[in-house]
Amino acid sequence: MSTALFGEPIARREDPRLITGQGRYLDDLGGGALEAAFVRSPHAHARITDIDVGGALEIEGLVAIYTWEDLPGRVGEPLPLLIPHPALTHGRTAYPLARDVVRHVGEPVVMVVARDRYLAEDAAERIRVTYEPLPPVVGIEDAARAERLVHDDVPGNAGAHLVQEVGDAPGAIASAPHVLEFRLDIERSASMPLEGRGVYARWDADDESLRVYSSTQTSTSVRMAIAAKLGLPPVKVEVIAPDVGGGFGVKIVHPWPEEVLVPWAARLLDREIKWTEDRREHFVSAAHERAQVHFVRVGFDDEGRLLGLDVRIQHDHGAYTPYGIIVPIITSTQLLGPYKPGAYRVEFTSLYTNTVIVTPYRGAGRPQGVFCMERTMDRIADELGIDRTAVRAANFVQPGEFPYDQGLVFQDGRPLIYDSGDYPEMLRRTKELIGWDEFGDRRAEAERQGRRIGIGLACYVEGTGVGPYEGGHVEIDSGGRVHVSTGLTSQGQGHQTVFAQITASELGVPIEDVTVTTGDTRRFAYAVGTFASRAAVMSGNAIALACRKVREKALRIAGEALEADPRDLEIVDGVVRVKGDAGSSIPLRTVAVLSNPLRYAFDEETRRATQFAVGGSADTPPLTGEPGLEGEDYYSPVRSTFACGMHAAIVETDPDTAEVCILRYTVLHDCGRLINPRIVEGQIHGGVAQGVGGALYERMVYDEAGQLLNASFMDFLMPYATEVPAIETGHMETPSPLNPLGIKGAGEAGVIPVSAVIAAAIEDAEGIRVSRMPISPSELFHLRLEAESGAAELTNRARSHPAPLRRAAGEAGVRE
Amino acid sequence: MHEITMTVNGVPRTASAEARRLLSDFLRHDLGLTGTHVGCEHGVCGCCTVLLDGEPVRSCLMFAVTAAGHELTTVEGLGDAGGMSPVQRAFQECHGLQCGFCTPGFLCTVTAFLRENPRPGDDEVIEAVSGNLCRCTGYQNILKAVHRAAVLIAEEDAQ
Ligand code: FES
Ligand code: FES
């Protein structure tokens, strides 16, 4: 097999295991462990007045019951506030088990440990918690009115308030020839991986050490958090992310209450304990995202060029802020997309509500930001009566302007400077891909058939690969096997494949010889985690750098053995050889033996490395540098690298049922150099499917009492194969100048512009402004009724364009 | 507690479990066949799909005692001594999985479907997998994999 694997669409190396049932997910481990279940609050806001566990005590197989009062020291303290941004002036986090007050349905109140989960649930059911209900705060408007408070000591329910400004936006808008002002809404959705969260802990009393498995996106940080909470030195805590059944953001949050409680109880009881989240628990006690309201004011010239943009955002962060205010910060900054906004002012208020916490879900605030900016572009085009793509083109950052400084501070505290891209070319290709210029004919043809179709397009720029760093360790053993490890975790992205491709290409070894370990603190203790489309950029580059170190070392040792200048050597198929002299060579496995000067021989191979076997000068020490053919390196970027893309869609809306059907969906994206195009494409597909869910189906439906009404897969509608259109993809490759491999992240891209694209296409088909997503058939139907009555606004195009575009709801579609 | 015996992947297996024990838990935790996954425990996601007398069923919606005496096939039993089944190979070839959590359910569903309908059209394929959720792949490559599997099976039968 060729070793030049970087860029090849090879099949995934993790698949054979996963396809044959040999995967090891959290709940597949710990066969004999005790199991935990939790009594969770049925109220959105209430004071706990009594907990009576008496009824549970007779359950056979019950081992322990814990309430907050049982938690000692730091275990009982509030969970950490992970990202303490200075603007988060009123950050609040939950106790692992509720103390006095519960602030959302699903908050854990009592922990039960029993022989198995059935028995633990039996016991949990018999525990009587008495609550004194308090008035709940539900929804952004309720929170902003602040007639009731989620936390008594947080006035106005406002956890954070942040303004960023470039130039004088209000002034620029005031003097602009055209001004528009409108409101845009996005509702709650959630990551919703098919595997929920889970923790399994075992305490080794003899060694006084703890091993924890968690279905997490950051095992290294879970380890530090557990060590801190339990007062253990980190070296006595190992955390391993086994196979993880999807994350999409929700599993980056840590430590979850269960991640503290399960290890704590395992140590206390000196028994193995496991907790596997069930689906309802995931709905009411993990995390959601997306809910935001945006008030936009924009001033522009006759060509549609932005002169000033002023956006006020209200963000609903739920009951607590363990993950800080990353989501609205990302919306605020990534809203700008590929455009130059003129003067820009963005202000957000992050509000408490009595609902599940809000933390990043794939896209992390970007879908909302892109929705804002792209809806704004469409509005401007409609206002001026010019093509929507022309407005975009008028505002693009141009290829010659990179690096382009937007003058803002990004989520990593670094300046928002775009590294590379070619937006005009991308727009040209996107229009070609979807057939933008020919759409008029297609629409006319459809109208003749009594069908209503529309086209939409949206652009995004995504800051990927945020720091601070990741590391990689590469070791070639004396069998010629290459062991690669990195601390960040995998949730199905194919890291075992792409990191092996990088390694095989860098070292010149067959990929079959490479194994990759991720997310295991026993192998690599330093890492940040998997989020923000950063794994390939961060760990990919770190592994490449580590490979380069190992390669250099291999060439040095081989050079000594072959009596050749290392610069004249190359590595091909795992063999170091003199360039142009195939006869003079030495396999890497032998180099590995030689790299470790030995006193003791334990097999034929090692015999070659003993003091009597290796020659060399008697005047120099036998070891140069460190023993072993291994190396470690880290990659820490100065700032993020910016990927970009444009999606376009053609939709058809049913004149009677208001059903939306996506006829075509195209994606053109640029994530720099591709390590494995097939894997990147898979990431795009998955992202688009989640985007379609967010645009048309998924929402968290809370009632006024703060009950989540659709907390099951029956009622929270995620797309099946029947709901996802065929996705046509195209790639551009503008390398990032910021990292050695020239790559940019790709994990979240697919989801980012989908709501904006679908909204644009529906608006185009219907001629009615779409300002709120997701949109269901019933909402579209009501929008039609409102348009009839004048309560919903028509687009200018619709106003100036007679039927059938404006055919009202209820009026039967004329099918010719 | 009940002694429950069933034939799983061609092998008679017995374990004792309560009457309320779900078949999914019985397979996973009593028989140690953890390839069958649980994504919702309310019959919607299809992760727990296994074949009961050759027909796909949701093992989270069935009690283990109900399955007593029946023939079960789980993902662990889809291949044979020769290796992975054509459906399994097609999923790898077409990149039909990412995290792999939904995959065993898809594999069982598709195996039964292609037995019934060895030459399916596009719409039939979509329909066949439309009861299984996948949060990772966007289904594009799963659909490709089903078509590919049909070809692989036909090739195998021709030999
Ligand atoms: S676990 Fe059985 S259908 Fe979801
Ligand atoms: S591959 Fe992850 S849910 Fe399907």
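This is a predicted model: local features need pLDDT of at least 70, side-chain atom pairs count only at pLDDT 80 or more; totals for chains, interfaces and linings use all residues.

Q: What should the span of helix 9 of chain A be, at 1.5 Å a residue?

A: Its 19 residues should span 27 Å, and the end C-alpha atoms are 27 Å apart, which agrees.

Q: And what follows helix 9 of chain A?

A: That's A:G385, with a positive phi near 70°.

Q: Which side chain does A:R375 meet in a salt bridge?

A: A:R375 pairs with A:E763, at 2.6 Å from N to O.

Q: Are A:E763 and A:R375 buried or exposed?

A: Both are buried.

Q: Which residues do salt bridges with shared partners join into one network?

A: The network takes in A:R40, A:R117, A:E121, A:R197, A:E258, A:E277, A:D278 and A:E281.

Q: How many salt bridges are there over all chains?

A: The count is 71, taking a side-chain nitrogen of Lys or Arg within 4 Å of a carboxyl oxygen of Asp or Glu.

Q: How does A:R145 count for accessibility, buried or partly exposed?

A: A:R145 has 48% relative accessibility, so it counts as partly exposed. A:D142 is at 11%, so that one counts as buried.

Q: What about A:D185, which residue does it form a salt bridge with?

A: With A:R183, the closest N and O atoms being 2.8 Å apart. A:D185 counts as buried because its relative accessibility is 8%, while A:R183 is partly exposed, with a relative accessible area of 29%.

Q: Switching to sheets. What is the strand order in the open sheet of four strands in chain A?

A: The order is 21-20-19-25, with mixed pairing. Strand 21 (514-518) and strand 25 (629-635) of chain A are the edge strands, each pairing on one side only. On average, neighbouring strands are turned by 15° against each other, direction ignored.

Q: How many bridges join strand 19 to strand 20 of chain A?

A: Five, between strand 19 (residues 470-476) and strand 20 (residues 482-486) of chain A, which run antiparallel. As for partners, A:I476 is bridged to A:V482 in strand 20 of chain A.

Q: Which strands does helix 13 of chain A touch when it packs on the sheet?

A: Helix 13 (residues 495-507) touches strand 19, strand 20 and strand 21 of chain A, and its direction makes about 130° with that of strand 21 of chain A. Helix 14 (residues 535-562) of chain A packs on the sheet as well, touching strand 19, strand 20 and strand 25 of chain A, at about 145° to the direction of strand 25 of chain A.

Q: Now strand 22 of chain A. Which residues are on its covered face?

A: A:L569 and A:I571 make up the covered face of strand 22 (residues 569-572), with A:E570 and A:V572 on the uncovered one. In a regular strand the side chains alternate between the two faces of the sheet.

Q: What joins strand 22 of chain A to strand 23 of chain A?

A: Four bridges, and the strands run antiparallel. A:I571 stands opposite A:V576 in strand 23 of chain A. The two strands form a hairpin with two residues between them, and A:D573 in the turn has a positive phi of about 50°.

Q: Zooming out, what domains is chain A divided into?

A: Domain 1 (31-134 + 191-285), domain 2 (292-466 + 638-815) and domain 3 (467-635). The C-alpha centres of domain 1 and domain 2 of chain A lie 37 Å apart, and 33 residues of domain 1 of chain A are in contact with 31 residues of domain 2 of chain A.

Conventions:
Residues are numbered from 1 along each chain as its sequence is written. Chains are lettered from A and ligands numbered from 1 in the order in which they are written. Side-chain values use heavy atoms; hydrogens and water are left out. Buried means under 20% relative accessible area, exposed over 50%, partly exposed in between (1.4 Å probe, protein chains only). The expected span of a helix is 1.5 Å times one less than its number of residues. Two strands pair if DSSP finds at least two bridges between them. Axes are lines fitted to C-alpha atoms, for helices over the stretch in contact, and angles run from 0 to 180 degrees between N-to-C directions. Contact means heavy atoms within 4.5 Å. Domain bounds come from an automatic or database domain assignment.
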